[in-house]
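Here is a colleague's note to read alongside the model. Keep the structure open as you go, and find each part for yourself.

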Amino acid sequence: MIGRRLSAEEWADVRADESVVDLLLYGDLDDDEAEMPELDLGKSWHGIHYLLTGTTWQVGEGAGAAILGGVEIGEDGGYGRPRLLDPDGVRAVATGLDTLDMATLRARCDPDAMTAAEIYPQAWTNAADDFDFLMPHLADLRRFYHSAATSGQAVLLAIT
């Protein structure tokens with residue numbers, strides 16, 4: 001999963017013309033100097049979503065919208081259409097992420113439950129190790145949303 005913070009101009013461009021979504025998310029694939037997305041959760045995205053919501057695919061309020069929230073926009077890249085969160089939605093996610101209860105997250109990190117729910121990448125074996133794998137990515141997610149919220153930015157997300 002990747003994410004990009006959008007300036008006010010980029011947010012207006014996306015709303016006016018969805019064809020710019022791919023360029024903003026993936027850059028010019030022929031340009032080796034192209035800017036890369038600011039957030040890359042790799043294979044941790046679904047595990048983090050599960051810890052935040054306790055569900056496989058449902059989107060919740062606040063932090064529960066961090067991974068799968070927003071409105072669909074642009075073309076389906078094979079894993080669903082990208083999603084756009086407006087600045088108000090970004091602030092709600094950032095606030096939710098700032099108030100996470102780590103004990104709840106740790107309790108949800110249950111390898112058997114995550115495997116049964118088919119949480120990608122379906123390699124959950126040890127609660128402590130799995131939690132340790134997910135936490136640095138969750139910290140990246142928090143920093144990403146906090147920075148976007150502080151700057152009044154929208155966010156564009158895509159599962160890759």
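This is a predicted model: local features need pLDDT of at least 70, side-chain atom pairs count only at pLDDT 80 or more; totals for chains, interfaces and linings use all residues.

Which residues of α3 are buried? Keep that in mind for point 4.

1. Residues are numbered from 1 along each chain as its sequence is written, and side-chain values use heavy atoms, with hydrogens and water left out.

2. Start with the sheet. Helices (H or I, at least four residues) and strands (E, at least two) are DSSP runs, numbered from the N terminus, and two strands pair if DSSP finds at least two bridges between them. Here five strands make an open sheet with antiparallel pairing, in the order β2-β1-β5-β4-β3. The edges are held by β2 (39-40) and β3 (71-72); each has a single partner strand, so one side of each is left without a neighbour in the sheet.

3. Now follow β5 (residues 154-158). Its antiparallel pairing with β1 (residues 2-6) uses five bridges: A154 is the bridge partner of L6, and L156 stands opposite R4. With β4, the pairing is also antiparallel, over three bridges, and there V155 stands opposite L85. In a regular strand the side chains alternate between the two faces of the sheet. You can see this in β5: A154, L156 and A158 point one way, V155 and L157 the other way, and all are buried. Buried means under 20% relative accessible area, exposed over 50%, and partly exposed in between (1.4 Å probe, protein chains only). Five of the five residues of β5 are buried, so this strand is largely enclosed by the rest of the structure.

4. Back to the opening question. The buried residues of α3 are W45, H46, G47, I48, H49, Y50, L51, L52 and T53, which is nine of its nine residues. They pack against α4, α5 (102-108), α6 (111-116) and α7, where contact means heavy atoms within 4.5 Å. After α3 comes G54, with a positive phi near 75°.

5. Next, the cores. A nonpolar core is a set of buried Ala, Val, Leu, Ile, Met, Phe, Trp, Tyr and Cys residues joined through side-chain atoms within 4.5 Å. The largest one has 36 residues, and L52, L97, L138, L141 and Y145 have the most contacts inside it. Two or more residues come from each of α3 (45-53), α4 (87-98), α7 (127-150) and β5, with α7 giving the largest share, nine residues. What does L138 touch, not counting residues up to four places away in sequence? Look for I48, L52, L97, L100 and L105. Apart from this core lies another, of 11 residues, including L6, V14, L25 and L156.

6. Last, please check the loop between α6 and α7, the place of P121, E118 and Q122. The peptide bond from Y120 to P121 is cis, with omega near 10°. E118 is not a glycine, yet its phi is positive, near 60°; at 53% relative accessibility, E118 counts as exposed. Q122 is not a glycine either, and has a positive phi of about 55°.
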